[in-house]
Amino acid sequence: MRKYVIEAKNITKKFGNVTALRNVNITVRQGDIYGLIGDNGAGKTTFMKLLTGQAYSTGGELELFGAYLENELEKNRSRTGAIVESPGFYPKLTVEQNLEYYRIQRGIPGRKKVEETLKEIGLWEGRKKKCNALSMGMKQRLGLGIALLGEPELLILDEPINGLDPSGIVEIRNLLLKLNRDKNITIVISSHILSELEQLATVYGFLSRGWLLKEITAEKLHECCTGYLKIAVTEPERYAALLEKEWGDIHYQVMPDNAVHIQNPQLPTEAYSTLAFRNGIGVLELEQRHMTLEEYYMNLKERGRLSC
């Protein structure tokens, strides 16, 4: 059985009168790519700051690699690399000089490590550029390079593809997948580009206003999103009651636009429209659809915990 790298138990974090995290329980196993999803202000960055020691919880317990006492936590944080908010650089130093500075500061042996890292993140050709002349995308790459310097077992990445062009996003995605596959590096990553997270994450955590709405594996999420029948009707609430009466174990959602989403329909489409017609309910729209990660998140935020 894979070991836990992160265990957050009833974590609460307050900033004065503002509660950023509310009794959050998150578990990340070795080898996971854990996608943190949430709007601005949901608590993603705050949680990452707790992991990296940039902030401390108000309540609850945090374990990293099995350690929870503060002195042990600090020791185990040396096994992590992180980009949280904007990476910090010395603007008048070059890309190469910045990496060399962080290598020396962290006591990482071997100058060759800087060259290896620059090539790995695709910045070898731009190594002589000063950091105040870098694009946002190049800064993100350099931040990732600094995070990778010490060959971490855990990477904590807050919006690492922010500012990258499409080809840059693909390159970073492939690099993260390679690090996870070849070195078994566990990754916690947040991004507003949910379509990109769909291609990376093996587990998801959905945060909203400090609450963890749901934690679900990519495999289970795929099962939930494999397909649904969208049927817009004139009387959605009555139609929902008829669905339950006709098929008691059916999974569905009544949406704000008068549509009913029937998860993984087991019967031909005609069966669901016939139920409406037979009971005098008008059918306005009928469509077989696949739910995206973005749709799943929006439904989850709108309705709270989904049954799936």
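User: Is the crossing of helix 9 and helix 10 left-handed or right-handed?

Analyst: Right-handed for helix 9 and helix 10. A crossing is called left-handed if the near helix is turned anticlockwise from the far one by less than a right angle, and right-handed if clockwise. Bear in mind that this is a predicted model: local features need pLDDT of at least 70 and side-chain atom pairs count only at pLDDT 80 or more, while totals for chains, interfaces and linings use all residues. Residues are numbered from 1 along each chain as its sequence is written, and side-chain values use heavy atoms, with hydrogens and water left out.

User: OK. At what angle do helix 9 and helix 10 pack?

Analyst: About 115°, with the axes of helix 9 (residues 236–246) and helix 10 (residues 269–278) 11 Å apart. Axes here are lines fitted to C-alpha atoms, for helices over the stretch in contact, and angles run from 0 to 180 degrees between N-to-C directions. Helices (H or I, at least four residues) and strands (E, at least two) are DSSP runs, numbered from the N terminus.

User: And which residues meet there?

Analyst: From helix 9, Tyr 239, Leu 242, Leu 243 and Glu 246; from helix 10, Tyr 272, Leu 275, Ala 276 and Arg 278. Contact means heavy atoms within 4.5 Å.

User: Zooming out, how many helices and strands does the chain have?

Analyst: 11 helices and 13 strands. The C-alpha trace spans about 75 × 40 × 40 Å along its principal axes. Of the 308 residues, 49% are buried, where buried means under 20% relative accessible area, exposed over 50%, and partly exposed in between (1.4 Å probe, protein chains only). Among contacts with a separation of 6 or more, 69% are between residues 24 or more positions apart.

User: Which residues of helix 3 are buried?

Analyst: In helix 3 (residues 95–105) they are Val 95, Asn 98, Leu 99, Glu 100, Tyr 102 and Arg 103. Their cover includes helix 4 (112–120) and helix 5 (136–148). After helix 3 comes Gly 107, with a positive phi near 70°.

User: Switching to charges. How many salt bridges does the structure hold?

Analyst: 22, counting a side-chain nitrogen of Lys or Arg within 4 Å of a carboxyl oxygen of Asp or Glu. One of them pairs Lys 301 with Asp 39, the closest N and O atoms being 2.5 Å apart. Lys 301 sits in helix 11 (residues 293–303) and Asp 39 in the loop between strand 3 (33–37) and helix 1 (44–52), so this pair ties together parts 262 residues apart in sequence. Lys 301 is partly exposed at 31% relative accessible area, and Asp 39 is partly exposed at 33%.

User: What about Lys 112, which residue does it form a salt bridge with?

Analyst: Glu 115, with the closest N and O atoms 3.5 Å apart. Both Lys 112 and Glu 115 are in helix 4, 3 residues apart, about one turn of the helix.

User: And where is Asp 158?

Analyst: In strand 6 (residues 154–158). Asp 158 is buried and has no salt bridge; Lys 44, the nearest side chain of opposite charge, is 6.2 Å away. For charge, Lys and Arg count as positive and Asp and Glu as negative; His and the chain ends are not counted.

User: So which side chain does Asp 158 make a polar contact with?

Analyst: Its side chain pairs with that of Thr 45, at 2.9 Å. A polar contact is a pair of N or O atoms within 3.5 Å; within protein, one must be able to donate a hydrogen and the other to accept it, and residues adjacent in sequence count only if both atoms are side-chain atoms. Beyond four places in sequence, Asp 158 touches residues including Met 48, Ile 83 and Ser 190.

User: Last one: what is phi of Asn 10 near?

Analyst: Near 55°, a positive value in a residue other than glycine. Asn 10 is in strand 1 (residues 4–15) and is partly exposed at 42% relative accessibility. Asn 23, in strand 2 (residues 18–29), is in contact with Asn 10, Ile 11 and Thr 12, leaving aside neighbours within four places in sequence.
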